[in-house]
Amino acid sequence: MIFRNEHDPAIGPKCLITTSFICVILLCAWLMFGDADGITNWLKPCKIKGDPIRRIILLSCAIIYFFRVVFMLFVFMKRKMVWVEAITISVIMPVILFVFLYVGGNKPHPVNIVDAVGILLYIGGSYINTQSEYSRHLWKMRPENRGRLYTWGMFMYSRHINYFGDVVLFNGFAIITQDTTMLLIPLFMALNFAFILIPLLEIHLERKYGEEFKMYAGRSKRFIP
């Protein structure tokens, strides 16, 4: 089980995730905007050369997501992170970012109203995830709330509103790529949350908070508000 009632800074695993994100973002930036003559021969076929505005938007989305992940890891996350979890995230999430930037970045047509919808979903999902986590963090920082379950803010409407925000965010990201097959990624992400991560987390929360969590579960939605 990845959810443990143990506090640990887990600097090594978190640094691994951070490094993997930095590497893939730098690689994509190089392929998107680097001088073709300066790109090594074996990477030249991977040059990303679609609409320049779309490339800028996609790269900006990846960079914003990176900073959100780093903030979550080093500020919000207090529980212990095991190496298996860190390695899994370090492989899967950078690959997803690369696929989004590569596929979307090679689209030649200019940005349009569909992209505007995607950007709004990306911003909305980012806000839902970050604001909900930040509010909980501030509440947990108060000494009188130590060891208590946070059920306020956006978490009043969904017990896992932060995961819902991530799904909204990645739907927006996928829309900006202008490739419908990319929507499979947030779909699989939602299924992973709904049938794997959330059930595991709920078991952990019930064991940790007992009756307090049962009462909370009885008056709130599980995933989608």
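Contact here means heavy atoms within 4.5 Å. By that criterion, the cover over the buried residues of helix 3 includes helix 1, helix 2, helix 5 and helix 6. The model is predicted.

Helix 3 spans residues 83-105 and has 23 residues. From its first C-alpha to its last, helix 3 reaches 32 Å. That is close to the 33 Å expected at 1.5 Å a residue. Its buried residues include Glu85, Ala86, Ser90, Met93 and Pro94. Further along helix 3, Ile96, Leu97, Phe100, Leu101 and Val103 are also buried. Gly104 and Gly105 of helix 3 are buried as well.

The protein chain as a whole contains 7 helices and 0 strands. Its radius of gyration is 19 Å, close to the 17 Å that the globule rule gives for 225 residues, so the chain is as compact as a globular protein of that length. The C-alpha trace spans about 60 × 40 × 30 Å along its principal axes. Of the 225 residues, 45% are buried. Contacts were also sorted by sequence separation. Among those between residues at least 6 apart in sequence, 79% join residues at least 24 apart.

The protein chain exposes about 11900 Å². Carbon and sulfur atoms supply 70% of that area. Charged side chains comprise 24 positive and 15 negative ones. The centres of the two sets lie 3 Å apart.

Two loop positions were examined individually. Gly34 sits in the loop between helix 1 (11-33) and helix 2 (52-76). Gly34 has 15% relative accessibility, and buried means under 20%, so Gly34 counts as buried. Leaving aside neighbours within four places in sequence, Gly34 is in contact with Ala29, Ile39 and Lys47. Lys47 lies 13 residues from Gly34 along the chain, and the C-alpha atoms of Gly34 and Lys47 are separated by 8.7 Å.

Gln178 has a positive phi of about 60°, although it is not a glycine. The relative accessible area of Gln178 is 22%. The cut-off for buried is under 20% and that for exposed is over 50%, so Gln178 is partly exposed.

How values were computed. Residues numbered from 1 in each chain as written. Predicted model: local features only at pLDDT ≥ 70, side-chain atom pairs only at ≥ 80, totals over all residues. Heavy atoms only, no water. Buried < 20%, exposed > 50% of the residue type's maximum accessible area, 1.4 Å probe, protein only. Helix = DSSP H or I, 4+ residues; strand = E, 2+ residues; numbered from the N terminus. Rg over C-alpha atoms; globule rule 2.2 N^0.38 Å. Areas by Shrake-Rupley, 256 points an atom, 1.4 Å probe, with all protein chains shown as cover. Lys, Arg positive; Asp, Glu negative; His and termini not counted. Charge placed at Lys NZ, Arg CZ, Asp CG, Glu CD. Expected span 1.5 Å × (residues − 1).
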